[in-house]
Amino acid sequence: MGEDRPTQSSEPAAQSAEAGVTTGALARRLGVSPTTLRSWDRRYGVGPAVRSGGRHRRWTPQDVAMLEEMCRLTSAGVPPAEAARTARKGVERIPSGSDLSAGAGRLGRQRSQAAGPLPLGDVRQECRGLARAAVRLDAPAMDDQLASLVARHGLVVAWDEVMVPTLHAVGRKWESSGDRYVEVEHLLSWHISRTLHRATEPARPDAPATGPGPVVLACVPGEQHSLPLQALHAGLAELGLPTRMFGAAVPTEALTAAVRRLGPTAVVLWAQTRSTADVPLARHVAGTHWGVKGARNHPAVVLGGPGWAGRPLRGMLRPPGLRDALGSLRGLYDTVAPVPGG
C-alpha cells in the first residue's frame with residue numbers, strides 16, 4: 001500500500017485520491033458498513049468526487065463532510081434520497097479552497113434538531129459508531145461492528161465497554177423522548193443477542209454424564225431482560241464450561257424441576273429490578289437437593305443483576321459484572337473438576 005508513491009508528474013487528482021481515506025476507514029468513522037457506503041454511491045451519487053484508476057476508492061475531506069451530513073440526516077429520519085440531495089448541495093456551497101472542517105461544521109448545523117446525538121458521555125469510540133448505526137437502523141453496520149468488536153477485543157470488553165454503554169444511551173434517549181427510539185432499542189438488542197449467540201458457536205463439548213453438573217442460567221419469574229444472561233452464557237462457552245440457558249421469566253416450578261433433574265454446579269438467577277428480585281425463590285433454589293440419601297447435593301446460587309442490590313443473602317455470590325461472574329463460576333467449577341483447557 002505505502003510503496004506506490006506518486007511521482008512529481010502525477011496529476012493533482014491522483015494525488016488527492018491517494019491522500020484520501022479508504023472506504024473501510026470511513027465506514028468505521030461514520031458507523032456504517034462499507035456495503036452501505038457503496039450502496040449510497042450507486043443509488044444516490046454520494047461517492048468520492050475523485051476516483052483512482054485502481055479498485056480502491058479514496059475519500060477526500062470534502063467527501064467525508066458530505067457523508068457525515070448524509071448520516072446525520074438519515075439518523076434524523078430523512079429518506080436517503082432526500083438526505084443525499086441535501087448533503088450534495090451543502091458540500092457544493094463550501095467555497096473552493098476553504099477550510100473543510102469549518103464547512104463540515106456548517107453542514108452539521110443544518111441537521112434536524114429532533115434526532116440529536118445519543119447521550120453517550122465519555123466512552124470508547126466504538127460506542128459512537130454503534131450508536132450511529134443503531135439510530136439509522138443500519139442492520140449490516142451493526143452486525144459488522146459487533147462481530148469486529150468481539151473478534152478484536154474479546155467478549156468481556158465488547159460487552160462491558162461498548163454494548164452496555166450503547167444500550168444504556170438508547171434507553172436514556174427513549175426515556176427523554178416519549179415513545180421515540182423504541183425501535184432503535186429493539187433492533188440494537190436483537191443484533192447484540194445475535195452476536196452473543198454466534199459467540200457460542202461451534203458448541204463446546206459438554207460435561208460428561210458422570211462429571212460435575214452444568215451452570216444453569218435463568219431469569220427470575222416476571223423478568224424479561226435476558227441479554228446479560230446471554231452475555232454470561234457466551235462467556236462460559238468461551239471457557240468451555242457446560243451450561244443450560246433457560247432465558248427469560250422462568251416459573252418457579254420449572255426452575256426447581258430443572259435443578260433436580262440436572263444437578264447443576266451453580267444456578268445464576270438474574271433480576272433487573274427490585275420488583276422481580278425474589279429472595280424466597282433464591283433461598284428455595286439454594287436449598288434444593290438431589291441425589292441418593294447420604295450423598296445429596298445442592299447448587300451454589302449466583303445472584304446477577306441490579307435488582308439484588310441491598311439484599312445480601314448469606315452463602316450466595318453476587319458478582320458486580322460479567323468478568324467477575326465468569327471468574328466466580330470458573331472458580332466454583334474448578335473446585336469439583338478441572339476446566340477443559342485450563
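Me: In which hand does α7 pass α8, left-handed or right-handed?

Reply: α7 passes α8 in a left-handed crossing, a label used if the near helix is turned anticlockwise from the far one by less than a right angle, with clockwise giving right-handed. Before we go on: this is a predicted model, where local features need pLDDT of at least 70 and side-chain atom pairs count only at pLDDT 80 or more, while totals for chains, interfaces and linings use all residues. Residues are numbered from 1 along each chain as its sequence is written, and side-chain values use heavy atoms, leaving out hydrogens and water.

Me: What makes α7 roughly antiparallel to α8?

Reply: Helix α7 (residues 125-135) and helix α8 (residues 139-153) pack at about 160 degrees, with axes 9 Å apart. Angles over 145 count as roughly antiparallel, under 35 as roughly parallel, 65 to 115 as roughly perpendicular and the rest as oblique, so α7 is roughly antiparallel to α8. The angles run from 0 to 180 degrees between N-to-C directions, using lines fitted to C-alpha atoms, for helices over the stretch in contact.

Me: Which residues of α7 and α8 make the contact?

Reply: Contact means heavy atoms within 4.5 Å. From α7 come E126, G129, L130, A133 and A134, and from α8 come A141, M142, Q145, L146, L149, R152 and H153. By class they divide into 7 nonpolar, 3 polar and 2 charged.

Me: Why is L137 called partly exposed?

Reply: Its relative accessible area is 41%. Buried means under 20%, exposed means over 50%, and partly exposed is in between (1.4 Å probe, protein chains only), so L137 is partly exposed. A249, in the loop between β2 and α12 (252-262), is partly exposed too, at 26%. Phi of A249 is also positive, near 45 degrees.

Me: And what makes G24 partly exposed?

Reply: G24, in helix α2 (residues 23-30), has 26% relative accessibility, so G24 counts as partly exposed. In helix α3 (residues 34-44), the buried residues include L37 and W40. After α3 comes G45, with a positive phi near 70 degrees.

Me: Why is α11 called oblique to α14?

Reply: Helix α11 (residues 227-239) and helix α14 (residues 322-334) pack at about 45 degrees, with axes 10 Å apart. That angle makes α11 oblique to α14. The crossing of α11 with α14 is right-handed. In α11, A231, L232, G235, L236 and L239 meet L322, A325, L326, L329 and R330 of α14. This contact has 8 nonpolar, 1 polar and 1 charged residues.

Me: How do you know that β2 and β4 are edge strands?

Reply: The open sheet has 4 strands in the order β2-β1-β3-β4, with parallel pairing. β2 (243-247) and β4 (300-304) each pair on one side only. On average, neighbouring strands are turned by 15 degrees against each other, direction ignored.

Me: What makes β1 and β2 a pair?

Reply: Two strands pair if DSSP finds at least two bridges between them, and 4 bridges join β1 (residues 215-219) to β2. V215 stands opposite T243 in β2.

Me: Which helix lies across β3 and β4?

Reply: Helix α13 (residues 279-286) lies across β3 (266-270) and β4, at about 155 degrees to β4.

How values were computed:
Helix = DSSP H or I, 4+ residues; strand = E, 2+ residues; numbered from the N terminus. Nonpolar A, V, L, I, M, F, W, Y, C, P; charged D, E, K, R; others polar.
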